[in-house]
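Here are my notes after a look through this model. Have it open as you read, and follow the points in order.

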Amino acid sequence: MTAPAPAELLAFEGKHLQHTGRKETAIRDELHITPARFYQLLGRLIWTEEALQIDPMLTNRLRKRSMDRQAQQQRQTRR
């Protein structure tokens with residue numbers, strides 16, 4: 001089974017920004033991959049130039065969210 005195209009991943013994430021049980025079901029039904037695989041692919045994709053060309057606003061929003069999560073994890077490990 002092949003991975004969804006970058007544009008397909010970003011379009012899906014743009015429609016389903018909140019992480020819910022419904023989103024996990026939709027990932028399986030629409031993209032035919034596991035939620036874990038979806039987030040792996042998306043996590044790599046958002047740091048590429050291709051993602052910025054496809055959807056710059058969404059890509060920058062996802063990059064910021066990722067950086068915020070990393071900063072929060074670093075603060076928690078310093079305690």
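1. A word on terms before anything else: a helix here is a DSSP run of at least four residues, a strand is a run of at least two, and both are numbered from the N terminus. With that in hand, the order of elements from the N terminus is α-α-α-α-α. That makes five helices and zero strands in the chain. Keep in mind that this is a predicted model.

2. Now the overall picture. Along the principal axes, the C-alpha atoms fill a box of roughly 40 × 30 × 20 Å. The chain has 79 residues, and 28% of them count as buried. Its exposed surface comes to about 5700 Å², with carbon and sulfur atoms supplying 51% of that. Looking at contacts with a separation of 6 or more, 42% are between residues 24 or more positions apart.

3. Have a look at the aromatics next. The structure holds two aromatic pairs. In one of them, the ring centres of Phe-12 and Phe-38 are 5.4 Å apart and the planes sit at 75°, so this pair is edge-to-face. Phe-12 belongs to helix H1 (residues 6–15) and Phe-38 to helix H3 (residues 35–45), so the pair ties together parts that are 26 residues apart in sequence. The other pair is Phe-38 with Tyr-39, also edge-to-face, at 5.0 Å centre to centre and 75° between the planes.

4. Tyr-39, at 29%, counts as partly exposed.

5. On to H1 as a whole. Its buried residues are Leu-9, Leu-10, Phe-12 and Glu-13. Viewed down the helix axis, the buried residues of H1 fall within an arc of 160°, so they line one face. The cover over them includes helix H2 (21–31), H3, helix H4 (49–54) and H5. Do note that an acidic residue, Glu-13, is in that buried set.

6. Last, pick out Leu-62 in helix H5 (residues 56–78). What does Leu-62 contact, leaving aside its neighbours within four places in sequence? The list is Leu-10, Glu-13, Leu-42 and Ile-46. As for Ile-46, it is 16 residues from Leu-62 in sequence, with the C-alpha atoms 6.9 Å apart. Leu-62 itself counts as buried because its relative accessibility is 6%.

Notes. Residues numbered from 1 in each chain as written. Predicted model: local features only at pLDDT ≥ 70, side-chain atom pairs only at ≥ 80, totals over all residues. Heavy atoms only, no water. Buried < 20%, exposed > 50% of the residue type's maximum accessible area, 1.4 Å probe, protein only. Contact = heavy atoms within 4.5 Å. Areas by Shrake-Rupley, 256 points an atom, 1.4 Å probe, with all protein chains shown as cover. Phe/Tyr/Trp six-rings, centres within 6.5 Å; stacked < 30°, edge-to-face > 60°. Arc of directions from axis to C-beta.
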